[in-house]
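Reader: Please take me through one part of this structure slowly. I would like a close look at a sheet and what surrounds its strands, with each term explained.

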Amino acid sequence: MLRLFKKILATGVVTERVKAPKDDELEQLGIEIKRHIDRKFSGSIAIREVDAGSCNGCELEIHALNNPFYDIERFGIHFVASPRHADVLLVTGPVSRHMQTALLRTYEATPDPKWVIAAGDCAACGGEFGISYASCGAVSNVIPVDMVIPGCPPTPLALMKGLLGLMHR
Amino acid sequence: MSHSNSSWKTDFLKQANEAGISVEQLAIGPLSLWQIVSSDWQRFAELAVQHNLRWVAGWAEQEQEQEWFLINACFEKQGRHVLLRTRVHNPKPELPSQATVYPAASRSERHTQDMFGLNFVNHPDNRPWTRHKAWPKNSYPLRKDFPAQGEPEAVTPPDRDYPFVKAYGAGVYEIPVGPVHAGIIEPGHFRFQAVGETILNLEERLGYVHKGVEKIAEGRTPEQLARLAGRISGDTTVGHCWAACMAMEQAAGIDIPSRAALIRGILAERERVANHLGDMGAICNDVGFAFAQMQFTRLRELWLRTNAQLFGHRLLMDRIVPGGVAFDLSEQAGIAIKREIAHLRVEFSEILPALDLNSSLEDRLYTAGFLSEDLAAALGTLGYVGRASGQDFDVRRDAPYAPYDRLAVKVPVETQSDIASRFWVRHKEINVALKLIGQFIDLLAPGELRSAWQTPTEGREGLGIIEGWRGEIITYVRFDAGNTIARFYPRDPSWLNWPALEKLVLDNIVPDFPVCNKSVNGSYSGHDL
C-alpha cells in the first residue's frame, strides 16, 4: 500500500491545460451549440460513444481522453453506458451495413435534444472504406450529424477541441 | 518444443503418400505450396492433426475465368509454414470440411462459405458467420461477378433470426449483450446463458463491423493496399501494414533495405509496448483498481507522444510502405528513444511491485478466466493468449524475418493459464520489446529507406507472416495484371483467439466477463474484415 501511495505522490498531477479552439468555423459552431447546451443542460454533457464500423483506431484516441493528461471529465464531459443517459452520440467508423440498424436504434434511444458528432475521417466521409456492399460510408448517410471531427484517427487534442467547440466554455 | 532445423516435411509427405494422398509440390517464393485434390482435403487434415501440425489460416479465391475456386489452408510446425491448396469447380463448389478435425478452422470455413458460396461438407456448424443481412443469402461478395457496390437495401435489416444455442432448465436465464456495448469499445454480440452468477455458456456473434476489406482491396495499387491494410485493425496498424507489404514484396521479388527492416522492427515493437500498456491498465480497471489504469494510461500517452514527435503519427499509421518505410530515424531520435526506455523501466520498477503485492488484484485475477494448455493448443490460440497457456510459438523466433533474424528473441511463456498469467506475459513481452528496440537502434547503419518497386507479373502471389502484438499475422496477396491487387486476405490473430474467450469464461461469474474479455482483447475489426 505504501508503495502505491508513494507512486501516486511522486506522479503528482499531470493533467494539462487545453487551449480553446482557434478555428473560426468551429468557434462559430461551438457558440451556437453552447447556446443550446446552456439553455437545456446546465453546462454538462453525457456522451455515448458508438463504434459503427471503425478500425478501432478512433476508439484508442477517444479512450485517451480519459487518461490523466486530458482528463476530460473536468470539463463536464463524461462518457455514459447507455444512449438513454446521453446528450451526445460520438460515432466512429464508416457505418458498416451490419451496424446500420443498431446505429439507428441507438439514435432513436437517445432522448431529445441530442447531438451527433461524427469522429474520424471514416465517420466524416467514409475514409479508406467508402461506400460498398458492406459499408454505408459517412455517418451522415445514416443519421443526422451535427458536427464532424476529422483525422485518422483524430488526436485526443483534436477530439477535445471538437468537444470544447460543442461546449465552448 | 524443438526449434531445430530438422524439417518434418519429408516425413510427413512420405506418410501422406502411404495414405494415398497425392501431393503436388510447388512453391511461392520460399514457401512450400502443396496441391492436392479436393476429395483428400479432410483426410489431409486428419493426417496433419496426427502429426501435430498447427492449423494457421484458411481462405479461398475465385479464378479470373470464374470456373474454378482455389481453397487454401496454411499449416505450421516447428516454424515451417506450408500452404495447402486445392481446386473445386464452379457450378457446385464443395469440398469436405477440415473443421471436423481442426476446431480452429470452423469460423474461417464459415466465412469462406458466406463470402464465396463454397460448401464445406460435414461442417460441424453450418450457420452463417460473417454474413448478416447486408447482402442476399445466395449471392457472394468475393465472387468476381459481385459488384463491390452490391445492391444494398436502403436500411439493412437486423440479423434477428440467428439460431443461437439455447439452454433450458430451472433457473437458467439468457443475457444478450451488444452489438452496441457499454464502453468505448468495438461492436459485437455476446449471448450468455447463466445460472445465478455462473456462466454456463457464451456464444459470440461477430461480423458487425464487416466493411468489405477483402473486396475493396481488389484493384488497388500496392500503396493503396498498404493504407487499407493499416486500417484493418487500428491498434495493429504496423502489424497488418507490415504483413501486407511483406506479402507484396515477396510477390514482386523485392528485398527491402536493412535500414528499413530495422525501422519496421522498431515500429512493431513500439506498437506492442503501447498496446500492452493500455491493456494492462484496462485489465486492472475492470476489477476496479483505478490506480493502475491511471499509471498505465499515463505511460501509454507519453509513449504515443514520442511516436507523434519522432515518427509523425501517434499510432504509427502509414509509416510502412511497399518496399520499405516512409520516413527516417535520426541519430538523436535513437538517443531519445533509449532515454525513454530507461525512464519506462524506472516507472515499471515503481508500479509493478505495487501491483504484484496487491491482494485485491490477486483475488480477482488469479485462477479467473482459465484456458487450459490443451484447449489453447486445440484452438490454435496465438500471442499472449496462447503464451499464457503454454503455447511456445513466436514467429519472430521460430520463423524469423528481417530484422529479427539478426538477433535472439526471447519468448516468455507461462502455464498458469489465467488472467494474471496473461497480464504478466504482457509485462514480460514489454521487457523483451524494449530490449529489441534498443538492439535495433544499435544496428542502424546508414542506408536506403526504400527499394524501387518492380511490377510483379500477373498472377504472382505472396504470403506475409509476421508477429503482430496480438500474435502471428498471415497475409495473402495475389497480383492482377498492371500492378493491382487480385486477392487480399489478412488473417488477424483474433480469428483464433476469439473462440478461446467462449471457453475461458465458462464457470466464471458474469461480472468477471469484462476482465476476461479484456485479458484476451480480440480485435473485432481485424476479425470482421
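**The sheet of chain A**

Author: In chain A, five strands form an open sheet with parallel pairing, in the order 2-1-3-4-5. The edge strands of chain A are strand 2 (77-79) and strand 5 (147-149), each of which pairs on one side only. Direction ignored, neighbouring strands of this sheet are turned by 30° against each other on average.

This is a predicted model, in which local features need pLDDT of at least 70 and side-chain atom pairs count only at pLDDT 80 or more, while totals for chains, interfaces and linings use all residues. Residues are numbered from 1 along each chain as its sequence is written, chains are lettered from A and ligands numbered from 1 in the order in which they are written, and side-chain values use heavy atoms, with hydrogens and water left out.

Some terms come next. Strands (E, at least two residues) and helices (H or I, at least four residues) are DSSP runs, numbered from the N terminus. Two strands pair if DSSP finds at least two bridges between them. Axes are lines fitted to C-alpha atoms, for helices over the stretch in contact, and angles run from 0 to 180 degrees between N-to-C directions.

Now to strand 3 of chain A. Strand 3 (residues 88-92) of chain A pairs with strand 4 (residues 115-119) of chain A in the parallel sense over five bridges. Within that pairing, Thr92(A) has Ala119(A) as its bridge partner, and Val91(A) stands opposite Ala118(A). Strand 1 of chain A also pairs with strand 3 of chain A in the parallel sense, over five bridges. There, the bridge partner of Glu49(A) is Leu90(A).

The side chains of strand 3 of chain A point two ways: Val88(A), Leu90(A) and Thr92(A) one way, Leu89(A) and Val91(A) the other, and all are buried. Buried means under 20% relative accessible area, exposed over 50%, and partly exposed in between (1.4 Å probe, protein chains only). Because five of the five residues of strand 3 of chain A are buried, this strand is largely enclosed by the rest of the structure.

A helix also belongs in this picture. Helix 3 (residues 57-64) of chain A lies across strand 1 (45-51), strand 2, strand 3 and strand 4 of chain A, and runs at about 140° to strand 3 of chain A. Contact here means heavy atoms within 4.5 Å.

For contrast, consider a residue in a helix. Phe5(A) is in helix 1 (residues 2-11) of chain A, and Phe5(A) is partly exposed, with a relative accessible area of 46%.
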